[in-house]
Amino acid sequence: MQEKVTDKIKALPKDATYFSLEFFPPKTPAGLQNLHARLDRMAKGLRPLFVNVTWGAGGSTATKSLELASLCQSLGLTTVLHLTCTNMSKSVLDDALENAKLMGIRNVLALRGDEPRQHEYLDVTEQVRNGTGEDNSEFVYAIDLVKYIRKQYGEYFAIGVAAYPEGYAETAYPIAQDVARDLPYLREKTAAGVDFIMTQFFYDVDAYLSFEKTLRNDESGVFRDIPIIPGLMPVQSYQIFRRTTKLCSVKVPAGISDRVESVKVDDEMVKEKGIQILTEMIDKIKGSTETSGGLPRGFHFYTLNLEKAVAFIVERCNLIPELPTSDEVAVEDEDDEGPALLTVNGGGASIPRRNRRTSSIISDPHNRVIVDTVSSARSELQAEAGEAGVPKILDPGSQEGNLAISEGEGSLGREATWDDFPNGRWGDARSPAFGEIDGYGVSLHRTPTEALRLWGKPTSTRDISDLFVKNAKGELEAMPWSEDSLNPESFLITQELVKMNDKGWWTVASQPAVNSAKSDHPTFGWGPKNGFVFQKAFVEFFILNDEWVELRKKLETDGKEDVSFYAGNKAGEFATNMTSDSSLNAVTWGAFPGKEIVTPTIIEEVSFRAWRDEAFDIWSEWQRIYPLSSATSKLLGELKNKLWLVTIIHHDFVNADGLWKDILGL
Ligand SMILES: Cc1cc2nc3c(=O)[nH]c(=O)nc-3n(C[C@H](O)[C@H](O)[C@H](O)COP(=O)(O)OP(=O)(O)OC[C@H]3O[C@@H](n4cnc5c(N)ncnc54)[C@H](O)[C@@H]3O)c2cc1C
Ligand SMILES: NC(=O)c1ccc[n+]([C@@H]2O[C@H](COP(=O)([O-])OP(=O)(O)OC[C@H]3O[C@@H](n4cnc5c(N)ncnc54)[C@H](O)[C@@H]3O)[C@@H](O)[C@H]2O)c1
C-alpha cells in the first residue's frame, strides 16, 4: 500500500524541502519504454517525494494514464493520478478511481478539464463515450469531483486541486486573469475536502509569493496550513518556452524574457539560462518562510518527460534528499525486476545492468548504443579491478552516478539525454517527450469563443481554403493544427504554400530546404554555437481522396528517386513508398564542434501514424465547437472522412525548388 503525499510531507522536518515530478503518457510504445528507463533513473538519482501522471481532458488518455501510473507504482514511486471530470462518462471516472485504488494509489489531483459541453454539441458516438446517456451533468467544476471522490471513497485518497497564482485564464470570457475573482471558488473547492494544492507554473516569483500570502491570510482559514506546491516549468527550449507560456497565459517578467531572448539561437545556452533562472526562483521561494504555512517547502516540476534540465535544477537547489542509510537499501540481484546498478567505489560513474524485462527495448537503436556502452564499460571496469587486484565495492544506491547520467555526463549520459533538443514537439517518436506540450490530450488549445473568432463558421471547402491561405500568408495567427503563426523560415516558401492551400491542398507543416546555415543564423539556426545546420524540404497537408489518387501516381513515377511519402486517412488506411517500416528520414540535422551529428527532426512511419490519428481527431475537435445541426459541423464531419493526410519529404536538399516545382508542379 502506497502512502498519501500529505503523510509523507507531514513526516518531513518543518525546515525540509521536497519536490515532485510530473509526467504524461508517451504517445508511442517506444516512448513509454524509454520513459521507463528515465523514470527508474530519476527515481534513483533525484529521489522525488512523489510523481504526478497527467490525464487527457475528457478521458482521452484514460488507459495510457493508468498504464503509466501503474509503471510508476511498480518503480516504488508514490503517485498522484490526475483526473478530470467534464465531458466524459461517469463510468470512465469510476473505473479510473477503482483501478487507482486497486493499484494502491492513494493520491488524486481533482481537476475540471475542459468546459463542459452542451447536449446539442454532442454526436451519438460522443454521447456513448461521454456517457451523456448516463447523467454526468453533476460535473461542472473541479469541486464537483472533489465532493464525488469524498462521497465515494471517504478518506482513502489524499485529494489535491489546481490553483492559478496569476489568476485563471479563461479566454472564453473577455475578462482579465484575476486572483480575487477565483478566490471564493478556490476557497469553496478547498473546503470541500482538499488536502493539498498544486499551482499552475509561473516565472513571476513575486506574483506567486503574493498569491501564497493571500491564501495563508484568507480569513476563512482553509489555506492556513495546507501544502501549497508551486508549479515550475524548466526552460527546455526557446520554442517550448514561448509556446507554453502563451498557451497557459503565464506572464514572463521582462528580466527573464530578456535573458532567454538574448540566447534564443543557442539551444544549449537557452537550457543553461533556464536552469539559472529556475534555480534563482527556487532559492527566492525557499528564502520566503513567512508564507510557507510552517510547512516544508515543496516544488512541482512539469518535466515534459525530459530529464536533463530538472536534474540540474534539483541538484543546484539542493532539493535531492539524502540517501537512506545502507541497511535500508536492499541489494538488487541481477535476476531482480528493474535494472540494478553498479558503481565504481567513490567514482560517481554508474553503469545500469540490463535485466530480462528491459531487454525488449534493445531493438531500439538508441538503446543498442547503451548496451554496447555498458558491455565495453563493464569490461573496462573488470580490467581495472583486475589490475588493482582488489574487487570493486558495489554501491547499489549510486545516486551520484544516476544524477550524473541524468545531467548528460559521459556516454551513458548522452544516451539518457539524446532527445534533449526537441525542436518543436515532433522530434523522435522514441522519445517520451514526443508530440506533446502538456500531456492533456488532443486539443484545439483554444476555447470555443476564441476558435469562432479565428475561424468563423465555414460552410464550403472554398471557405476552408481561404482560412488556410490566410494562415500561410501570415494573416491568420493560428489554425487548429498549428496553434502558433508560421515560423520565419516558412516565409521563404509563402508563394508555394499559398498555391497549395488555394487549390485545396491544406498544409499543416512544412520546411524549406537548407544546404547549410550557421547555427546562429537568425532564421534557420539552432543548437550550440559554431555549428552548421541543414534541412530537407518537406510538406504535410490534407488532400481530398480523388486528388490523392492522382498525386500518388505522380509521386510513384516522377518523384520516385527523390521523395519519400507517408499518407493516411481517418479510416486507418496507410500508404508509403518506403520499403521498410523501420526506415526513417532525418529532415533536420546539425554538425557541431565536439559533437556527433544531431538530428532533431525525424519523419518516420511510427511518428506519422501517431500524428495522423491526432490530426484527424483535431478535425473532430474543431467540429465540436459548432452545434451538431449546423452547416459547419456537417461540412467538417464530411471532410474528415474524405481527406488523406500526406507528408512528402524531398531528399535532394541541394535543389531548393525541387519539391515545389518538380514534384508538386506549383
Ligand atoms: C497543477 C495542474 C495540473 C493539471 N493537470 C491537468 C491534466 O492532467 N489534464 C487536464 O486535462 N488538465 C490539467 N490541468 C488543466 C485544468 O484542467 C484546466 O486548467 C481547467 O480548465 C481548469 O481546471 P480546474 O481544476 O482548475 O477547474 P475549476 O477549479 O473548476 O476552475 C475553473 C474556473 O472556474 C471558476 N469556478 C470554479 N467554480 C465556479 C463556480 N461555482 N462558478 C463560477 N466559476 C467557478 C474558477 O475560478 C476557474 O476560473 C492542470 C492544471 C494545473 C494547474
Ligand atoms: N509527419 C510526421 O511524422 C509528423 C509527426 C508529428 C507532427 N507533425 C507535424 O508537425 C506539426 C507540429 O509540429 P511542431 O510543433 O514541431 O511544428 P511547428 O509549429 O514548429 O511547425 C513546423 C514547421 O511547419 C511550419 N508550419 C506551421 N504551420 C504551417 C502551415 N499551416 N502550413 C505550412 N507550414 C506550416 C512552421 O512554420 C514550421 O516551419 C504538426 O502540425 C504536424 O503537421 C508531423
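Visitor: How many bridges join strand E13 to strand E17, and how do the two run?
Guide: Four bridges join them. E13 covers residues 532-535, E17 covers residues 584-591, and they run antiparallel. Keep in mind that this is a predicted model.

Visitor: What is the bridge partner of Val-533 in E17?
Guide: Gly-590.

Visitor: What order do the strands have in that open sheet?
Guide: The order is E12-E13-E17-E18. That makes four strands, with antiparallel pairing.

Visitor: Which are the edge strands?
Guide: Strand E12 (514-518) and strand E18 (598-604). Each of them pairs on one side only.

Visitor: And what does the twist average?
Guide: From one strand to the next, the average is 20°.

Visitor: New topic, ligand 1. Which residues come nearest?
Guide: Trp-55, Ala-142, Tyr-164, Tyr-168 and Lys-189, out of 22 residues around ligand 1.

Visitor: What classes are in that shell?
Guide: The shell has 13 nonpolar residues, six polar and three charged.

Visitor: Which ligand atom does Lys-189 reach with its polar side-chain atom?
Guide: An oxygen atom of ligand 1, at 2.6 Å. His-82 also has a polar side-chain atom by a ligand oxygen, at 2.9 Å.

Visitor: What about Tyr-440?
Guide: An N or O atom in the Tyr-440 side chain is 3.3 Å from a nitrogen atom of ligand 1.

Visitor: How much of ligand 1 does the protein cover?
Guide: The protein covers 86% of the 970 Å² of accessible area that ligand 1 has on its own.

Conventions. Residues are numbered from 1 along each chain as its sequence is written. Chains are lettered from A and ligands numbered from 1 in the order in which they are written. This is a predicted model: local features need pLDDT of at least 70, side-chain atom pairs count only at pLDDT 80 or more; totals for chains, interfaces and linings use all residues. Side-chain values use heavy atoms; hydrogens and water are left out. A residue is near a molecule or strand if one of its heavy atoms lies within 4 Å of it. A polar contact is a pair of N or O atoms within 3.5 Å; within protein, one must be able to donate a hydrogen and the other to accept it, and residues adjacent in sequence count only if both atoms are side-chain atoms. Accessible areas come from the Shrake-Rupley method with a 1.4 Å probe; for residues, only the protein chains shown count as cover. Ala, Val, Leu, Ile, Met, Phe, Trp, Tyr, Cys and Pro count as nonpolar, Asp, Glu, Lys and Arg as charged, and the others, Gly among them, as polar. Two strands pair if DSSP finds at least two bridges between them. Axes are lines fitted to C-alpha atoms, for helices over the stretch in contact, and angles run from 0 to 180 degrees between N-to-C directions.
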